Amino acid sequence: MDSLFVTCPQGLEQSLVRELQGLGLAGARGTRGGVQIDCDGLEPVYRIALKSRLAHRLLLRLTRFEADDPEAVYRAVGVIDWSDHLALDGSLLVEAKLRDTRLGNPHFVALRVKDAIVDQFRERSGQRPSVDTRQPDLRLNLFVHRRQAELSLDLSGGGLRRAPVGVEAARWRGGLGAALLQLVQWRPTVQSLVVLGAGDVDLLLAAAQLSADVAPGLQLNDVGFERWLGHVPALWQRLCEQARADMRPPDMPRVHVWEERRDTLEAARRACRAAGIENLIDWQLGSAERHGVPDGEGCVVLPPSDAPGHQRATRMRHVEALLQRRFAGWRVASLALGQERERGARWQWRAEQELTVRRGQGRFELAVGAIDARSPVVATRDEPAPVIAFPDAPGEAAAPLINRLQKNQRHLGRWARRQGVSCYRLYDADLPEYAAAIDLYQCEEPWAVVQEYAAPAQLDPERVAQRLQDILACVAQVLELPAERIVLKRRQRQKGSAQYEKLDRQGQFHQVQESGLKLLVNFTDYLDTGLFLDHRTTREELGRKAAGRHVLNLFAYTGAATVHMAAGGARSSTTVDLSKTYLDWARRNLMLNQLAGEAHRFIQADCLVWLDAQAADPASKRYGLIFMDPPTFSSSKRMEGVLDVQRDHVRLIRAATTLLRPGGELYFSNNFRRFQMDTEALSGLAIEDISARSIPEDFRRNPRIHQCYLIRRPD
């Protein structure tokens, strides 16, 4: 029984599992970066190479071993009989990927694999195979994580999702088009597909192939296993012949491409002509308003916008209006470049399902939903709204909300004045029918931030919109605020690094106070203001415990906790965050309180990787007080991997506690509501749940806003 690892872009693992199960490959198990399969014989390998539209590489494991040093790699590779895989006059290429190892340079380790193979041939015959970096007969993949090494045959050669000849890299997404069509559940035998733009050739090829049941592997000119000695040509040819016999071109084109630019349309047609599928697509040049919508039901796909940056958002709103007018009842799918969000241009129809996918250095967002002509276009993310239009007065039905806001303002206002708190949560969905959080900030002038929680899909959109109007009007009336100082954010669960992304470029910072300290906030440019109000009590406790200690702030955001600890008398501080923007913000916060200096360090790094490196280095600095508040989930393109606080908290805490001095303390906090501390895996540490005492008065209505633990390592 051989183990096959089928790679795919990060984020498509479960999509690939479903695809392989549809090909009759039971037992497929999704893991980071791909799918693991136990396969008996070569037929499963060939079927994946022939029919999978999502798989990128096929790695057939040859051996597993412990790799303490490059010589251990050399010895383990030399045990394999390479004459079973490579001819004496053949060629090879070795690729090595190392993660958290001490093996040194990956290129040198790859050379030791090559040396072991070449030396074996030379000792047996006096001759040796050659190295070919372009088209080798045998391609090997070595992956080492810490001490565990796997050596695999790369049976896919240069990859199954290679761009066809003549297709620009910018127009090729390497399987994302097929993933989007799987996500939207397009049924080519009974549904039409309209693609609004011809710039994404990968999507067009996938759609045309699906419409005629063309196996994508038939389009490959070269498959890696064809020069491997273990290859069985008769089996491969039989499967290819069966795939050709299964092709069923539709009576009429089911794929319709509407493109306004002639050069873009012609480039896409040339690529599809080279693949032999041009006639499977109905090509239409001109504005989408000019073309007739195919009869019956179907799906419409929105590729990434290629309009200039200043026109992108305007074009998207125009297309969305077109969808509601002409495609009511259809399914809709979009493929967006990650940076489109940062540029303020993103499709704003209500998505039912979303995937964030990483391919190389790029981040893509796949989303699907339905088009309803009766529903207004609704944003599904926070939107900055420094100026809001709403009624002069709330409706009569909003009287309970007015009463609740007035009551909260009296109670919490007195509490805030006694405690010296200048910003606090005034309201947090106290009345279920008004699902929003309202935060009040006392700056030079008072501001209110209204965060609308995403409403359940079954609620009438008009009713939801009316309630939001009432909330805004009530805030203006009760707090006596003008519209320009009420900021609206539509709030839903964030994915990856979304909570840290920039929305606008107004650059307006305001100064607030907390425990006598000055902190900067920004209401319009980011999803959060720069100050997590629910951690106020924890920051104050950290400040009281920091005197005379070296302190560390991990996942530091804008450094508010660092300010408290530095002001509390810390001997030194180290502030670590992945974002340069927020580290600069943290520096400004310290300078605002006259706390800057050489004793305070700022490090831009992936905290998980930085912690592991520090924990492994006996000479690294040790701390008396550590604060760590990781996000629930993060997959920033600058990170080496994906952070999941539930999965990774043991690793985080273990690494952090190794950096504690005797008697040191670690404060570990997170906002994952279903978080469960794995005390068994963290045995030997003294763990105290301090969540109840860490929640400020203004958040008592929502006791699960965060969880906080005080952790000590036995001396």
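E297 is partly exposed, with a relative accessible area of 42%. Here buried means under 20% relative accessible area, exposed over 50%, and partly exposed in between, with a 1.4 Å probe and protein chains only. The model is predicted: local features need pLDDT of at least 70, side-chain atom pairs count only at pLDDT 80 or more, and totals for chains, interfaces and linings use all residues. Residues are numbered from 1 along each chain as its sequence is written, and side-chain values use heavy atoms, with hydrogens and water left out.

The side chain of E297 meets that of R187 in a salt bridge, at 2.8 Å from N to O. A salt bridge is a side-chain nitrogen of Lys or Arg within 4 Å of a carboxyl oxygen of Asp or Glu. E297 lies in the loop between β11 (281-285) and β12 (298-302), and R187 in the loop between α5 (176-184) and β9 (192-196), so the pair ties together parts that are 110 residues apart in sequence. Helices (H or I, at least four residues) and strands (E, at least two) are DSSP runs, numbered from the N terminus. R187 is partly exposed, at 43% relative accessibility.

The structure holds 37 salt bridges. Another of them joins R227 to D137, with the closest N and O atoms 3.5 Å apart. R227 sits in the loop between α6 and α7, and D137 in the loop between β6 (130-131) and β7 (138-145); the pair therefore ties together parts that are 90 residues apart in sequence. R227 counts as partly exposed at 27% relative accessibility. D137 is also partly exposed, at 22%.

A further salt bridge pairs the side chains of E665 and R712, at 2.9 Å from N to O. E665 belongs to strand β28 and R712 to strand β30 (residues 707-712), so this pair ties together parts that are 47 residues apart in sequence. E665 is buried, with a relative accessible area of 6%, whereas R712 is partly exposed at 32%. Salt bridges with shared partners join E541, K545, R549, E665, E688, R693 and R712 into one network.

Strands β28 and β30 belong to an open sheet of seven strands, in the order β24-β23-β22-β25-β28-β30-β29, with mixed pairing. Two strands pair if DSSP finds at least two bridges between them. The edges are β24 (600-604) and β29 (686-689), each pairing on one side only. From one strand to the next, the twist averages 15 degrees. Axes are lines fitted to C-alpha atoms, for helices over the stretch in contact, and angles run from 0 to 180 degrees between N-to-C directions. Strands β25 (residues 623-628) and β28 (residues 660-670) run parallel and are joined by five bridges. F627 has Y667 of β28 as its bridge partner.

Helix α14 (residues 560-567) touches β22 (550-554), β23 (572-577), β24 and β25, and its direction makes about 170 degrees with that of β22. Helix α15 (residues 580-592) touches β23 and β24; its direction makes about 170 degrees with that of β24. Contact means heavy atoms within 4.5 Å.

A search of the whole structure finds 14 aromatic pairs. Rings of Phe, Tyr and Trp (its six-membered ring) pair if their centres lie within 6.5 Å; planes under 30 degrees apart count as stacked, over 60 as edge-to-face and the rest as tilted. F225 and W236 have ring centres 5.0 Å apart and planes at 80 degrees, so the pair is edge-to-face. The pair links distant parts of the chain: F225 is in the loop between α6 (201-211) and α7 (233-246), and W236 is in helix α7, eleven residues apart. F225 is buried at 1% relative accessibility. W236 is buried at 3%.

F509, F532, Y557, Y582 and W585 form one aromatic cluster. The charged end of R588 sits over the ring of F509, 4.5 Å from its centre. Such a charge is NZ of Lys or CZ of Arg, within 6 Å of the ring centre and within 35 degrees of the ring normal.

Helix α5 is largely enclosed by the rest of the structure, because eight of its nine residues are buried. The buried residues are L176, G177, A178, A179, L180, L181, L183 and V184. They pack against β9, α6, β12, β13 (331-337), β14 (353-359) and β15 (362-370). Just after α5, Q185 takes a positive phi of about 60 degrees.
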